[in-house]
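Please read it beside the sequence and the structure.

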Amino acid sequence: MTKSEKTRQFIIEQSATIINRKGVAGTSISDLMEATKLAKGGIYGNFESKEEICVEAFDYLTGKVSSGLNNVISQQTTAREKLFALLDFYRDRLATSDTGGCPLLNFGTEADDTNPDLKQRVAKAIKASQQRMARLVEEGQAHGEFNKNIDAGLFAVKMFTMIEGAIFTSRVTNNRAPMKTIVDVLKKEIESF
């Protein structure tokens, strides 16, 4: 990595949590300057706009979530264990995280009416998340673990939306119970597959 690439990455990493917590509109360039300890010129020397930093921060945050999910899933053997590990990851790391929660939820809520590029990135990440869930169900079906009549795609949409709704509710009410309830409900349903 060149010095410029390292500086750019540093800005993204230091800004990501702030943007995830405060939102694109709520984050000022002063917030980013404070987080990075760089002058305005140091930031704008690496990015054309705050919006560009926000898009890169979204990619960075979703990459971290995806990597974390892949890590916990890879440690399991069966499809059921993998789905349970995925649910536990969301419950334990995103619903209560001090980094602002799920970037798909945070960025998506703000970008749906204001930023078409970011909205498209969020939609792509949502689709990838749902595909990961569907693949795990299909893996279980292929190995005789789950009933072949389960619609993997439909279950993935339901699972994803329930998780995101539970994260939202838990974070807004500052109460882990909704997330725990949804994880328990989904695990029970997976057990019945």
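The expected span of a helix is taken as 1.5 Å times one less than its number of residues, and helices themselves are DSSP runs of H or I with at least four residues, numbered from the N terminus. The model is predicted, so local features need pLDDT of at least 70 and side-chain atom pairs count only at pLDDT 80 or more, while totals for chains, interfaces and linings use all residues. Residues are numbered from 1 along each chain as its sequence is written, and side-chain values use heavy atoms, with hydrogens and water left out.

**Helix α5**

Helix α5, residues 79-94, has 16 residues and reaches 22 Å from its first C-alpha to its last, close to the 22 Å expected. Of its 16 residues, 12 are buried, where buried means under 20% relative accessible area, exposed means over 50% and partly exposed lies in between, with a 1.4 Å probe and protein chains only. Among the buried residues of α5 are L83, F84, L87, F89 and L94, together with the charged R80, K82 and R91. The elements that cover these buried residues include α4 (50-74), α7 (116-142), α8 (152-173) and α9 (177-191).

**Residue D31**

D31 is found in helix α2, residues 29-36, and is buried, with a relative accessible area of 16%. Its side chain makes a polar contact of 2.9 Å with the side chain of K22; such a contact is a pair of N or O atoms within 3.5 Å, and within protein one must be able to donate a hydrogen and the other to accept it, while residues adjacent in sequence count only if both atoms are side-chain atoms. Leaving aside neighbours within four places in sequence, D31 is in contact (heavy atoms within 4.5 Å) with I18, K22 and G26.

**Pockets**

A pocket is an open set of points on a 1 Å grid over the protein atoms alone, where a 1.4 Å probe fits, with protein on both sides within 12 Å along at least five of seven lines; lining residues have an atom within 4 Å of a point.

| Largest | about 230 Å³ | L61, K64, V65, L94, T99 |

α1 (3-22), α4 and α5 each supply at least two residues of the lining of the largest pocket.

Key:
Grid points are joined across faces, edges and corners, and a volume is the space filled by probe spheres set on the points.
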